[in-house]
Amino acid sequence: ATPAATMVGTSIGAKNGVLFKGGDVLERAKDVDTVVFDKTGTLTEGEMELTDVVPLDGRSTDGGTETAADGGTQAIGGDTEPATDEIDEETVLRAAASAESGSEHPLAQAIVDGAEERGIDLVDPEGFENVPGQGVRATVDGEEVLVGNRTLLREADIDPAPAVETLERLESEGKTAMLVARVPAGTSDGRLLGVVADADTVKESAKEAVAALQDRDVTTRMITGDNERTAEAVAEAVGIDPDNVRAGVLPEDKSDAIDDIQQGVLSSDARQGSGDERSESAGGRRAMMVGDGVNDAPALATAYVGTAIGSGTDVAIEAADVTLMRDDPLDVVKAIRISDGTLRKIK
Ligand code: ADP
Ligand code: MG
């Protein structure tokens, strides 16, 4: 493009809250054939709310989960053998929220806010540790508390099995369910306390944005550190094919996942490639990664076009080629249209 065309594109972008980092990017965006969305904060509002607190009877390894199966935040069922040290909702929530008060993760904020709304007094955690893509560990009242996913617990030698039924039920509702466990001081005898779940809402325009991209023959994908069940529930809500979802991707692996997509090694791309001369000749895909978090920075840098959305962190914005000032997934479509010139005719 001529310098004048670049200036026009850049300024139309700026007026629409779409910031291109230079003329190169403005040129490239129109050639994107795959858009990979991060889930949390990108397709969803990223404003979680605490929805469920389910205490588990730490003593029972099977059957104990039935008490939770029929009612999220209901009282603990008294129908199984009473344990000597039965755990109640407040115990679970107080431990989880105290540990999470050291974290800035949206999942953590929702747990803390939920506890405060319920009038629970929190303790300042000590020795707080954030385990990216897994959860947190912190010392609360002299005991180590873990809040996070299955991997976090397994790595601490705590078996998540007694909670699995509860987890799966909450996940199939599209919620992010997290395990809460406690390791008493001076022991390595970790004990599962319960499960807490946060729900997020899908952004209003996410479905429209996905549909508009698909109309342009752009393949839409989702990548997330969240679990498969939750991810697929969100994918379904926005119109992304569940086959195009990669869940449980660790922060450091997001960039490799983008590489895989761009090299066309994923099966659904291979299928598409057979009828598509360009991807055959190019040997892969030109992917735009859209993300909001610190986690996403390496993936943004690896993608053909990296796009940071909305309230994105400074790190994400720095790694990105395009920054969308608003929180609106439709601006992804705008960025491509500004690049190919179709938006100029309208504005
Ligand atoms: P996303 O890719 O959706 O932004 P992350 O990579 O930040 O998600 O986290 C992946 C998963 O790790 C979460 O779904 C959750 O199970 C767990 N996790 C991460 N941070 C926390 C936290 N502060 N508390 C509890 N669980 C967490
Ligand atoms: Mg994220």
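1. A residue is called buried here if 20 or more other C-beta atoms lie within 10 Å of its own, exposed if 12 or fewer, and partly exposed in between, with C-beta atoms placed from the backbone. In helix α8 (residues 164-172), the buried residues are T166, L167, R169, L170 and E171. G174 follows α8 and has a positive phi, near 85°. Helices (H or I, at least four residues) and strands (E, at least two) are DSSP runs, numbered from the N terminus.

2. This is a predicted model, in which local features need pLDDT of at least 70 and side-chain atom pairs count only at pLDDT 80 or more, while totals for chains, interfaces and linings use all residues. Residues are numbered from 1 along each chain as its sequence is written, and chains are lettered from A and ligands numbered from 1 in the order in which they are written.

3. Overall content. The chain has 16 helices and 13 strands. Of its 347 residues, 48% are buried. Two residues are in contact if their C-beta atoms, placed from the backbone, lie within 7 Å. Among contacts in the chain with a separation of 6 or more, 61% are between residues 24 or more positions apart.

4. Domains. The assignment gives domain 1 (3-45 + 202-340) and domain 2 (49-199); such bounds come from an automatic or database domain assignment. The contact between them takes 12 residues from domain 1 and 10 residues from domain 2. On the domain 1 side, α3 (39-43) and α10 (228-238) each supply at least two residues, and α10 gives the most, with four residues. By class, the side of domain 1 that touches domain 2 has four nonpolar, six polar and two charged residues. In this classing, Ala, Val, Leu, Ile, Met, Phe, Trp, Tyr, Cys and Pro count as nonpolar, Asp, Glu, Lys and Arg as charged, and the others, Gly among them, as polar.

5. Ligand 1. Where does ligand 1 lie relative to domain 1 and domain 2? Both domains give residues to the shell around ligand 1, so it lies between them. The shell has 23 residues, of which T40, H105, G135, N149 and G225 are the closest; a residue is near a molecule or strand if its C-beta atom, placed from the backbone, lies within 6 Å of it. Elements that each supply at least two shell residues are α3, α6 (106-117), β5 (135-140), β6 (143-148) and β7 (176-183).

6. Sheet of seven strands. This sheet is open, with the order β1-β13-β12-β11-β2-β9-β10 and mixed pairing. Two strands pair if DSSP finds at least two bridges between them. The edge strands, β1 (18-20) and β10 (245-246), each pair on one side only. Strands β12 (residues 305-309) and β13 (residues 322-324) run parallel and are joined by three bridges. I309 stands opposite L324 in β13.

7. Strands β3 and β8. Strand β3 (residues 49-55) is largely enclosed by the rest of the structure, because five of its seven residues are buried. β3 runs antiparallel to strand β8 (residues 191-199), and six bridges join the two. P55 has G194 in β8 as its bridge partner.

8. Nonpolar cores. A nonpolar core is a set of buried Ala, Val, Leu, Ile, Met, Phe, Trp, Tyr and Cys residues joined through C-beta atoms within 7 Å. The largest has 48 residues, and V36, A287, M288, M289, L300, A303 and V322 touch the most other members. Helix α16 (residues 330-340) gives the largest share of this core, five residues. A second, separate core of 40 residues includes A95, A177, V180 and V195. Leaving out residues up to four places away in sequence, V36 touches R221, I223, I258, I261, A287, M289 and V290.

9. E236 and V36. These residues are 200 residues apart in sequence and 15 Å apart in space, C-alpha to C-alpha. E236 lies in helix α10 and counts as partly exposed, with 13 C-beta neighbours inside 10 Å.

10. Backbone points to check. Most residues other than glycine have a negative phi. D141 is not a glycine, yet has a positive phi of about 50°; D141 lies in the loop between β5 and β6 and counts as partly exposed, with 13 C-beta neighbours inside 10 Å. D217, also not a glycine, has a positive phi of about 65°. D217 lies in the loop between α9 (206-215) and β9 (219-223). With 9 other C-beta atoms within 10 Å, D217 is exposed.
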